[in-house]
Amino acid sequence: MAHHTAIYPGSFDPFTLGHLDVVERACQIFDCVIISVAKDTQKDPLFDVATRLRLIEASVKGLPNVQVDAFDGLTVNFAKQKNAKTIVRGLRAISDFEYEFQMSQMNKTLYPEIETVYVMASLDYTFLSSSMVKEVIRLGGNVDNLVPACVQEALAAVTAH
Ligand code: ADP
């Protein structure tokens, strides 16, 4: 059987337990999952790309078929470069659907061989997003149950300044 690599692209600013849940499930399905950190996000990031890579690597240490990488430009070009025919994305609610639907159609137009596969958010994490984590941190709240331990530490260091 052919080796099946999937990329899981996103901003991951920061990586949450919702992202980890998607990765843990995707790596049961694919031979290799490459968590792919988008360098040129339009959002103003809390953590730079190097920090995001480091935090994700620490969070997925126990998963043997998971790699972490960063990319510039089109997701489909990165998929081609990595010989991946699948993009993995997570779906939390109907509100995610419209953007994800447009994105998957556009990616298919740009690269017809690509397929986007969606992993439904676990019930525990349907409300969880990186922006929500940043908002809670900004307002002085606790996100210990929402992000991996290494991300908790990095967030504590940022807010201490
Ligand atoms: P982007 O900035 O490209 O939306 P994110 O880092 O916010 O990237 O998320 C990457 C992917 O993970 C997206 O497909 C998003 O829907 C999904 N995702 C984010 N949080 C969760 C969660 N709690 N459960 C399931 N999927 C999620």
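Ser59 counts as buried because its relative accessibility is 16%, where buried means under 20% relative accessible area, exposed over 50% and partly exposed in between (1.4 Å probe, protein chains only). The model is predicted, so local features need pLDDT of at least 70 and side-chain atom pairs count only at pLDDT 80 or more, while totals for chains, interfaces and linings use all residues. Residues are numbered from 1 along each chain as its sequence is written, and side-chain values use heavy atoms, with hydrogens and water left out.

Ser59 is part of helix H2; helices (H or I, at least four residues) and strands (E, at least two) are DSSP runs, numbered from the N terminus. The side chain of Ser59 reaches back to the backbone oxygen of Leu55, at 2.6 Å. With neighbours within four places in sequence left aside, Ser59 is in contact with Phe15, Leu20, Pro148, Cys150 and Val151; contact here means heavy atoms within 4.5 Å.

## The nonpolar cores

The largest nonpolar core has 36 residues, and Ile35 and Val60 touch the most other members. Strands E1 (5–10), E2 (32–38) and E3 (66–71), together with helices H1 (17–29), H2 (49–59), H5 (130–138) and H6 (149–160), each supply at least two residues of this core. Helix H1 gives the most, with 6 residues. A nonpolar core is defined as a set of buried Ala, Val, Leu, Ile, Met, Phe, Trp, Tyr and Cys residues joined through side-chain atoms within 4.5 Å.

Ile35 has contacts with Tyr8, Phe12, Phe15, Val23, Ile56, Val60, Val66, Gln67, Val68 and Asp69, again leaving aside neighbours within four places in sequence. A second, separate core holds 12 residues, including Cys32, Val76, Ala84 and Ile114.

## Leu74 and Thr75

Leu74 belongs to the loop between E3 and helix H3 (75–81). With a relative accessible area of 43%, Leu74 is partly exposed. Together with Met106 and Leu110, Leu74 forms a nonpolar patch on the surface, and the accessible area of the three residues together is about 270 Å². Patches are made of residues with over 30% relative accessible area and no salt bridge, like charges being joined within 9 Å and nonpolar side chains (Val, Leu, Ile, Met, Phe, Trp, Tyr) within 5 Å. The accessible areas come from the Shrake-Rupley method with a 1.4 Å probe, and for residues, only the protein chains shown count as cover.

Thr75 lies in helix H3. Thr75 is buried, with a relative accessible area of 15%.

## Val117 in strand E5

Val117 is found in strand E5, which spans residues 115–120. Its relative accessibility is 29%, so Val117 counts as partly exposed. Not counting residues up to four places away in sequence, Val117 touches Phe30, Thr86, Ile87, Val88 and Arg89. The C-alpha atoms of Val117 and Ala26 are separated by 9.4 Å, although the two residues are 91 residues apart along the chain.

## Salt bridges

Side chains of opposite charge can pair when their charged atoms come close. The structure holds 8 salt bridges, a salt bridge being a side-chain nitrogen of Lys or Arg within 4 Å of a carboxyl oxygen of Asp or Glu. One of them joins Arg89 and Glu100, with the closest N and O atoms 2.8 Å apart. This pair links distant parts of the chain, 11 residues apart: Arg89 is in strand E4 (residues 86–91) and Glu100 in helix H4 (residues 94–110). Glu100 counts as buried, at 6% relative accessibility. Another salt bridge is formed by Glu115 and Lys108, whose closest N and O atoms are 3.2 Å apart. Glu115 is partly exposed at 43% relative accessibility, and Lys108 is partly exposed with a relative accessible area of 32%.

Glu135 and Arg138 also meet in a salt bridge, at 3.1 Å from N to O. The two residues are separated by about one helical turn because they are 3 residues apart in helix H5. Glu135 counts as partly exposed at 34% relative accessibility, whereas Arg138 counts as exposed at 59%.

## Ala160 in helix H6

Ala160 lies in helix H6. Ala160 is exposed, with a relative accessible area of 64%. The C-alpha atoms of Ala160 and Gly10 are separated by 27 Å, and the two residues are 150 residues apart along the chain.

Terms used. Polar contact = N/O pair within 3.5 Å; in protein donor to acceptor, adjacent residues only side chain to side chain.
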